[in-house]
Structure formats: structure tokens, C-alpha cells
Amino acid sequence: MWYFYAPKTVYGEDAIDYLEELDEKRCFIITDEGIIKFGLIDILTNKLKKLEKEWNIFSEVEPDPREETILKAAKQCQEYKPDLIIALGGGSPMDVAKAVWVFYERPDLGIDDLYPFIKLKLGEKAKLVAIPTTSGTGAETTWASIITRKTDKGDIKLEQVHKEMIPTIAILDPVFVKSMPLKLTASTGFDAMAHLSECIVSLWKNEYSEAMALKAFELIQKYLPIVYKDGTDMEAREKLHIAANMAGLAFGNAQVHLGHALGHVLGATFHIPHGLTVGMFLPYVLQYILNDPNSDATKQILGTFAKRAGVAKWDDSDMNAAKKYVDEIKRLQKVVNLPSLNEMITRTQLDENVDQMAEWCLESPSAAMSPRGAGSQEFKKLFVHAFEQKDVDF
Amino acid sequence: MGILFGTEQWIEAYKESVNSSKAYEDAAKTWEGDFVFVCEPAGNLDHEIRMYIDLWHGKIGPKGARILNPSEEVESEFVYSGPWTNWEKLLQKKIDPIQGLMQGKFKLKGNMGKVMRAVKAAQELVNCVVAIDTDLY
């Protein structure tokens, strides 16, 4: 027995109008200051006003949201007593909203209780509606809430997961991404690319996820460069928004692996946006798993995917086809000017932190989903190879 | 011919396998906690097997590892249990320990949040079984 979970998904122009079909009247909006500043909140609240719904806003979500922020938002939510929680933003407001939803419905639980094997019985007090304002995280589809915790040794990202935390409804309205800055478009687009590329070879890979990943790749490969060149192309924006959601569905049901272990640790240590980290690590991680001396399975899977995606020929060997896929990822990174690790941190920062970061990677549940295992030495070498922009030869 | 799973001889081999595994030591260097693993009768297994294993910083811990007698009660931080037919799948790496929990094939008692931060270590514990020439029931 296995599962394919997905929220009810409403997409396309005017998808926000779906709120009319919801009877719930009391909305608790979780968002961040950027959404307020750039007026995206007004699109939502104007709609709620028209529909005669009430709302209360928590807008203190920061990048890499901390557990203290979640507890503060949960308290405000418990006091407001909504019947609809609306997450508006990128991955961070989504992550906060999922956890707040749990603590609103289950005030008896704490952050460390968010593990996947208990029954939460969410939905008795409220539904969770997720409205992404970036095209990449896929958080509107997934069961994960990434929470930053301060420790004596520095910040770590907790990867808390539960299938009941998947939002009730995802609304993909391109109006919310039409003004997204191009750098953010590139980094979040590569977040989606990392999702689909990692999940197709993860230990929990499955046919449903592979199908979603293939279409998502096709759309991202085509439309990310178009949007990066012309951010006003709304057709391309809409396609990219759908692609990110599909990549979210793909990895949400199959999981990601080493790139996200590396990315979460790097992001938590240096507060670098998630999409930049996992997108940057992607070719190195793919090379590492393709070099598996004990199995050809990854070569076969990724090679076949490359052929289906049209980046390799059907008569290419599996390894050559898979290498062409890696080359295509690198090409797209250049097209959207995705920065390398040595543009994100200094050599000194790397050297001072790499041992601890490699240790933290081992605590990431994502690390265990890789088709090729990695120990602390392998993680360390992956950090160094990425920094030096060297192809992975081990 | 291998060693029959769940026997004294097997647990001795498992202790050696865990203690000599660099991969487990690396993945579990901060782990402190003991388990009881319960194989419930099913398929070709007609009796319950319970194993106590203390794990400490990537090695078998000071309380050791042993097969529990049928009437023996023991306190442990975690209990991981499931029918033998599912253990067979786990030991043959057809499913992983967390997937087994997700699928309801196994039950875990104890601090699950702690276990979720040690998924890699749990995988390596299974790899330590695979490293033994084990006869299944």
C-alpha cells in the first residue's frame, strides 16, 4: 500500500474566485511583510471583502521561519478562531501555516510532535487554503513544514512532516506571480527543478510522481527561460506556476534527497534562499548518485527520464543520457544566472563550517531517501566540489 | 548456509556487524537510546521473537544486545514491532524502516521525533543485518 496525496487544486486566471465557493467566513491569513509591501495582500483581502468574509492577518513570517514565529502565529490564530486559514506567499508562509493549522486544531501538540505516524484529525475547526506567490516551492501541495530551530551550534532546519498537513485547497492564480522579481523567479524555478529531478530517483519514487515530474520538467525547461527574459509574459508565468505545483506533487509523494539535505543545512547556516541552494547543488548531487559503484539503477532511471524529456536520444546509453540531463541542468542554470556556491559564501566560511554542516546533513530525513547513501565525508566533499565548481568524480 | 535470524548466534553476529560498521558509526554518532524489536508470528514464523538492543554513539551500547526470553520484561526507549512477513520485506530491503511505519506495516512506540532525526542511522542498522548471511524463516 502506498499513497498519492494532493490538495484540491484550482488553477489559472481568476482562480482566486474559487473563494466564493467556500462557505467559511472567518479567515486567518498567514503571510510576510513583502506580500503586504508589494500589495499582493490587497488582491486577497479585496476579494474577501467582496465576499463579505472577515479576516485577521499574521504577517511576521520571516525567511527560514523560526519555531518562535510559529508559536506566536498559532497563539494569534487560537485567539481569532478562524474557520479558514489562508497561507499567502512563498514556502515560508506555507510552512508556518501548516504548523499553525496543527496547533490551532491540536493545541496539545508541540513542534516535536509533528511526526508522520500519529492521527491529527485536522479540519474539524478550519480548512487550510494555500495561495503561492512564487513558482517553485510546491509547498501548497506537500506534507512538510520546514522550521528553523536555534541550537547551541547554530541554526538547524527541522523537516517536520505529516500527510494531514497537506493543505485542503491550493489556489494557483498567476496574478500573484506576475510581478515576481526575475532573480526570485530563477531561484524558485530551480527549486522546482530540484524537486522533480531528485524525486524521480528517490527511494520512494513511484509512477505517479514520475509522470508529474516529466511534465513539470517540460514546462520548466521551456517557460523558465522565457519568463526570465520577459517577466510580463503571462502565459509563460502561468505555465511555470503550474509546473512548480506539479513538481511539488511529484516530490511531495516521492520525497527529495541529498540536494535538499545539503540545501537545508547550507540555507540554515548562512540564511541563503532555499531555491538558490538546492538548485545550485542539483548537478553535483545527480553526478554523485550516477557514480554509484554498486548499482546502475539510477543511471537507467535518469537516463530514461532524459530520453523521455527529449534532452537525450533514444539510442544513447543510460549513462550518456543521464549525463546529458545533468548538462541540461547546468545550461539552464547559466540561462537564469543561478549563482554558484562560491558566489554565496567565502572559502573561509566554507572551511569554518563544512565539518558541522556535513554532520547536520546526516540528521536530515531527506538524506535517507537517496538511492546512493552518503556519510559525513561524502557530504563534506559535495560541499567542497560545489564550492570549487568541480564535477563530482567520486 | 547462513545464521538463522533471531537466534543467539545471530544476535552475536549482529553486534559484530553494528560495531564494525563505519557507515552506522558515522550516521549514529550522536544517537543514545535502546530498542526492543518485536517480530510477531506470521508466515513461516510460528513464535514471537523479541530482541533488545542498546545503541550508543554509533556502537552497541553498554547494556548490550540479546534475544529476550518469552516471559522477559524489559524497559526500553523504543519498541519497533510488526509481523514477520513485514520483517522479511525490511530485511530484504524491499521497504525501509520509515516506509514501513508509513505503510502501517510496523508500529513504533517512543519519541518519534527523535527517530525522525535519525532516519539515516535506522537505514544503516538494516544494512548491518544485510551484511550478515542470514537465514530467514
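How many residues does helix α11 of chain A have, and how far does it reach from its first C-alpha to its last? The model is predicted, so local features need pLDDT of at least 70 and side-chain atom pairs count only at pLDDT 80 or more, while totals for chains, interfaces and linings use all residues. Residues are numbered from 1 along each chain as its sequence is written, and chains are lettered from A and ligands numbered from 1 in the order in which they are written.

Helix α11(A), residues 318–335, has 18 residues and reaches 26 Å, close to the 26 Å expected at 1.5 Å a residue (1.5 Å times one less than the number of residues). Helices (H or I, at least four residues) and strands (E, at least two) are DSSP runs, numbered from the N terminus.

Among the buried residues of α11(A) are A:Y325, A:V326, A:I329 and A:L332 (buried: 20 or more other C-beta atoms within 10 Å, with C-beta atoms placed from the backbone). The buried residues of α11(A) pack against α5, α6, α9 and α10 of chain A (contact: C-beta atoms, placed from the backbone, within 7 Å). Just after α11(A), A:N337 takes a positive phi of about 55°.

In chain B, an open sheet of five strands has the order β4-β3-β2-β5-β6, with mixed pairing (at least two DSSP bridges between two strands). Strands β4(B) and β6(B) stand at the edges with a single partner each, so one side of each lacks a neighbour in the sheet.

| Helix | Strands touched | Angle |
|---|---|---|
| α1(B), residues 8–19 | β3(B), β4(B) | about 165° with β4(B) |
| α3(B), residues 84–91 | β2(B), β5(B) | about 105° with β5(B) |

Angles run from 0 to 180 degrees between N-to-C directions, with axes fitted to C-alpha atoms, for helices over the stretch in contact.

Notes: Buried ≥ 20, exposed ≤ 12 C-beta atoms within 10 Å, placed from the backbone. Contact = placed C-beta atoms within 7 Å.
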